[in-house]
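Please consult the sequence and the structure shown below alongside the text.

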Amino acid sequence: QVQLVESGGGLVQAGGSLRLSCVASGIIFSIYRMGWYRQAPGKQRELVAVITSGGTTNYADSVKGRFTASRDNAKNTVYLQMNSLKPEDTAVYYCNADRITTRGGRDVYWGQGTQVTVSS
């Protein structure tokens, strides 16, 4: 059974920092591309950051220079360090695991989400 469990969300003032963690189980973590997505009320889920199995990262323009994704394959954990938080960063943040299978399909898994609220 695959599980992605996020933690680290909470309430923070604008300009503050949070670090989200996502622990994966039931998958070979190291071969998955890991992503962080967020969904604000009334909006579609959007990509925040991805980190490939090789450690390459990509970020949404809105978070570049403020957020940093990292992974620890020994701990089956992906992190999202969020600095200089803004009220518009308020959302539920979801962890995602994604890979292309050897047969050309995709395995995609999602966590349950963790709420991040940034007050002004």
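In what follows, buried means under 20% relative accessible area, exposed means over 50%, and partly exposed lies in between, with a 1.4 Å probe and protein chains only. The model is predicted, so local features need pLDDT of at least 70 and side-chain atom pairs count only at pLDDT 80 or more, while totals for chains, interfaces and linings use all residues. Residues are numbered from 1 along each chain as its sequence is written, and side-chain values use heavy atoms, with hydrogens and water left out.

**Overall architecture**

- The protein chain has eleven strands and zero helices; here strands are DSSP runs of E with at least two residues, helices are runs of H or I with at least four, and both are numbered from the N terminus.
- The radius of gyration of the protein chain is 14 Å, close to the 14 Å from the globule rule for 120 residues, so the chain is as compact as a globular protein of that length.
- That radius is taken over C-alpha atoms, and the globule rule is 2.2 Å times the number of residues to the power 0.38.
- Along its principal axes, the C-alpha trace spans about 45 × 25 × 25 Å.

**Burial, contacts and surface**

- Of the 120 residues of the protein chain, 40% count as buried.
- A contact means heavy atoms within 4.5 Å; among contacts between residues at least 6 apart in sequence, 54% join residues at least 24 apart.
- The protein chain exposes about 6400 Å², of which carbon and sulfur atoms supply 46%.
- Accessible areas come from the Shrake-Rupley method with a 1.4 Å probe, and for residues only the protein chains shown count as cover.

**Aromatic pairs**

- Rings of Phe, Tyr and Trp (its six-membered ring) pair if their centres lie within 6.5 Å; planes under 30 degrees apart count as stacked, over 60 as edge-to-face and the rest as tilted.
- By this rule the chain has two aromatic pairs.
- Tyr32 and Tyr109 form a tilted pair, at 6.2 Å centre to centre and with 50° between the planes.
- Tyr32 lies in the loop between strand 3 (18-25) and strand 4 (33-39), and Tyr109 lies in strand 10 (residues 106-110), so this pair ties together parts that are 77 residues apart in sequence.
- Tyr32 is buried at 4% relative accessibility, whereas Tyr109 is partly exposed at 26%.
- Tyr37 and Trp110 form an edge-to-face pair, at 4.9 Å centre to centre and with 65° between the planes.
- Because Tyr37 lies in strand 4 and Trp110 in strand 10, the pair joins parts that are 73 residues apart in sequence.
- Tyr37 is buried, with a relative accessible area of 16%, while Trp110 is partly exposed at 37%.

**Surroundings of Tyr109**

- Leaving aside residues up to four places away in sequence, Tyr109 touches Val2, Leu4, Ile27, Tyr32, Cys95, Asn96 and Ala97.
- The C-alpha atoms of Tyr109 and Ala40, 69 residues apart along the chain, are separated by 20 Å.

**Backbone angles in loops**

- Most residues other than glycine have a negative phi.
- Asn76 is not a glycine, yet has a positive phi of about 50°; Asn76 is in the loop between strand 7 (67-72) and strand 8 (77-82) and is partly exposed at 25% relative accessibility.
- Ser84 also has a positive phi, near 50°; Ser84 is in the loop between strand 8 and strand 9 (91-100) and is partly exposed, with a relative accessible area of 41%.
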